[in-house]
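Dear colleague,

Please find below the structure that I am handing over to you, together with its sequence. My findings follow directly after it.

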Amino acid sequence: MQDSQLTKEEIAQLTDSDWRQRLTDEEYYVLRQKGTERPFTGIHNDMSEQGVYRCKGCGAKLFDSNNKFDAGCGWPSFDATIADSAVEEHLDTSHGMRRVEVTCSNCGGHLGHVFPDGPKDTTGMRYCINSLSIDLESK
């Protein structure tokens, strides 16, 4: 994990080759090529440790562990982001589906998707996030 968050200026200077050096092949596939890891394979799916989840690509803070819940879907799920500005949402019509893609607002890395089927007692949202796209900074 990066010790600090990359700035927008630093990110703008990164070439495709730089991204490939910073990330493993699997991380590059998810973050830069909008891939998806297989369900129930990610290290953060069953993790219950307290902390802040950061973008694997740039180190930006994305989610707090207090917002993590077990959705049973096979990917880490959160009912809210750490801040409204942490992620951006985009319409995704790939694979014949209509979904909302979630990307890191700092580096544009693909994180996963958000669905309106989360816990009704909180936000009602489920941010379904690839483990390969995040790192946990333990408290």
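The largest nonpolar core holds 24 residues, of which Cys55, Cys58, Leu62, Cys104, Leu111 and Tyr127 touch the most other members. Such a core is a set of buried Ala, Val, Leu, Ile, Met, Phe, Trp, Tyr and Cys residues joined through side-chain atoms within 4.5 Å, where buried means under 20% relative accessible area, exposed over 50% and partly exposed in between (1.4 Å probe, protein chains only). At least two residues of this core come from each of helix 3 (25-33), strand 1, strand 2, strand 6, strand 7 (110-115), strand 8 (126-129) and strand 9. Helices (H or I, at least four residues) and strands (E, at least two) are DSSP runs, numbered from the N terminus.

Please note that this is a predicted model, in which local features need pLDDT of at least 70 and side-chain atom pairs count only at pLDDT 80 or more, while totals for chains, interfaces and linings use all residues. Residues are numbered from 1 along each chain as its sequence is written, and side-chain values use heavy atoms, with hydrogens and water left out.

Beyond its neighbours within four places in sequence, cysteine 104 is in contact (heavy atoms within 4.5 Å) with Cys55, Cys58, Ala60, Leu62, Ala86, Gly109 and Leu111.

In helix 3, the buried residues are Glu27, Tyr28, Val30 and Leu31. They pack against helix 2 (16-22), strand 1 and strand 7.

Glutamate 101 lies in strand 6 (residues 99-104) and is buried, with a relative accessible area of 6%. A further polar contact of 2.8 Å links its side chain to that of histidine 110.

Finally, an open sheet of three strands has the order 2-1-9, with antiparallel pairing; two strands pair if DSSP finds at least two bridges between them. Its edge strands, strand 2 (61-64) and strand 9 (134-138), each pair on one side only. Strand 1 (residues 51-55) and strand 2 are joined by three bridges, and valine 52 stands opposite aspartate 64 in strand 2.

Yours sincerely

Conventions: A polar contact is a pair of N or O atoms within 3.5 Å; within protein, one must be able to donate a hydrogen and the other to accept it, and residues adjacent in sequence count only if both atoms are side-chain atoms.
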